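Biologist: Could you take me through how the helices and strands of this model are arranged, giving the criteria behind each term as you go?

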Amino acid sequence: MRCERLWRGARLATMAAGLGEVADGVVACADGRIVYAGPAADAPSFEARERIDCQGRWITPGLIDCHTHLVWAGDRSGEFEARLAGASYEEIARAGGGILSTVAATRAASGAELLAATLPRLDALIAEGATTVEVKSGYGLSLEDEVKALEVARELGARRAVEIRATLLAAHALPPEFAGDADGYIDLVCRQIIPAMAMRGLADAVDAFCEGIGFTPAQVRRVFEAARVHGLPVKLHAEQLSNLHGAALAAEFNALSADHLEHLDEAGVAAMAAAGTVAVLLPGAYYFVRETRLPPITALRAAGVPMALATDCNPGTSPMTSLLLTMNMAATLFRMTVEECLAGVTREAARALGMRAEAGTLEAGKRCDLAIWDIERPAELVYRMGFNSLHARVWKGR
């Protein structure tokens, strides 16, 4: 059998089921896709243009960050100081800070300036083995500025060897020009912004922030209905600060994921399980805002709800660009297992983006996205803090 590249002498964590550990494995690639990943003893005879000896290193699927807000301008370190002095996230937002301060800076920035500010954040993720990154809008909150943000997101994929999944989060906060008229802004989102994004092919999904400082379930329902009309899957920021039953609403629309979930109740867990909606857990935000209520990990686990992990990279509540640190936080703060953490940034993260058939595991037919590590066992990827053991990253076989 012919292939372009063959990685041999490797230990594999295929993540196809559990860790999927293979002690002496090979991965073969042709046309950017895996044609074999498994034990060397069971591999067919390959004629490879290039053979790479991994010298016992571990190969995992390329990492996937399924929830980021990478595109923004400005700085919110002052709010961090205010929180250290005792101010809450909600108090800062209601005082005119929070998301709206980033909106003002992002609106004032050109597309080129936004791109220049965003690339270093993306590069940090890539340097730790990320091969797919979701990027949300949500700091423009007007048709023109949301288009600008998602055009920058698409440009990221043209500038770097990485898969970018772009998500429209126009229903993120109420822009100042619509103060006191949330329904009027939702009209704009549903009647102009979502149709424009669908027509231009700028969005792969639609997200919203269902919260007391965001939008009501009734308003989110309108957003989801508009997304459905235009053939776009949905996701939701749900149950972060309170329980508005957003996760159950997301499940009703067969959402790809519901994210945050610190205040998720049993009914929400059951709805997500029935719909196959992924729970995207964001320990960076939990840590950074000093949250005290844990997501219901035990209930999610018992119900069989897939659990993904992501950085939630954003300027206000999770200025983090490390999936490795995300895994460590999930293990230490949320008591997730090594297997759950690794699945959370590979297999389940792919599921949260609707990419389960394309990425997230080492299986024949999937994209050849690999992370090759200088480690002795997979637990090291979760155990270490501030240490990057990546040896090489492969995207689409390159």
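Modeller: Residues are numbered from 1 along each chain as its sequence is written. This is a predicted model, in which local features need pLDDT of at least 70 and side-chain atom pairs count only at pLDDT 80 or more, whereas totals for chains, interfaces and linings use all residues, and side-chain values use heavy atoms, without hydrogens and water.

Biologist: How are the axes of α6 and α7 oriented where they come within 10 Å?

Modeller: Helices (H or I, at least four residues) and strands (E, at least two) are DSSP runs numbered from the N terminus, and axes are lines fitted to C-alpha atoms, for helices over the stretch in contact, with angles running from 0 to 180 degrees between N-to-C directions. The axes of α6 (residues 182-200) and α7 (residues 217-229) cross at roughly 10 degrees. Angles under 35 degrees count as roughly parallel, over 145 as roughly antiparallel, 65 to 115 as roughly perpendicular and the rest as oblique, so α6 and α7 are roughly parallel.

Biologist: By class, what residues does the contact of α6 with α7 have?

Modeller: Contact means heavy atoms within 4.5 Å, and residues of α6 including Ile186, Val189 and Ile194 meet residues of α7, among them Val223 and Ala226. Ala, Val, Leu, Ile, Met, Phe, Trp, Tyr, Cys and Pro count as nonpolar, Asp, Glu, Lys and Arg as charged, and the others, Gly among them, as polar. The contact has eight nonpolar, one polar and three charged residues.

Biologist: Which strands are at the edges of the open sheet of four strands?

Modeller: Two strands pair if DSSP finds at least two bridges between them, and the order is β10-β11-β12-β13, with parallel pairing. The twist averages 30 degrees from one strand to the next. The strands that pair on one side only are β10 (235-238) and β13 (307-309).

Biologist: Are the residues on the two faces of β10 buried or exposed?

Modeller: In a regular strand the side chains alternate between the two faces of the sheet. Lys235 and His237 lie on one side of β10, with Leu236 and Ala238 on the other. By the accessibility criterion (buried under 20% relative accessible area, exposed over 50%, partly exposed in between, with a 1.4 Å probe and protein chains only), these four residues are all buried.
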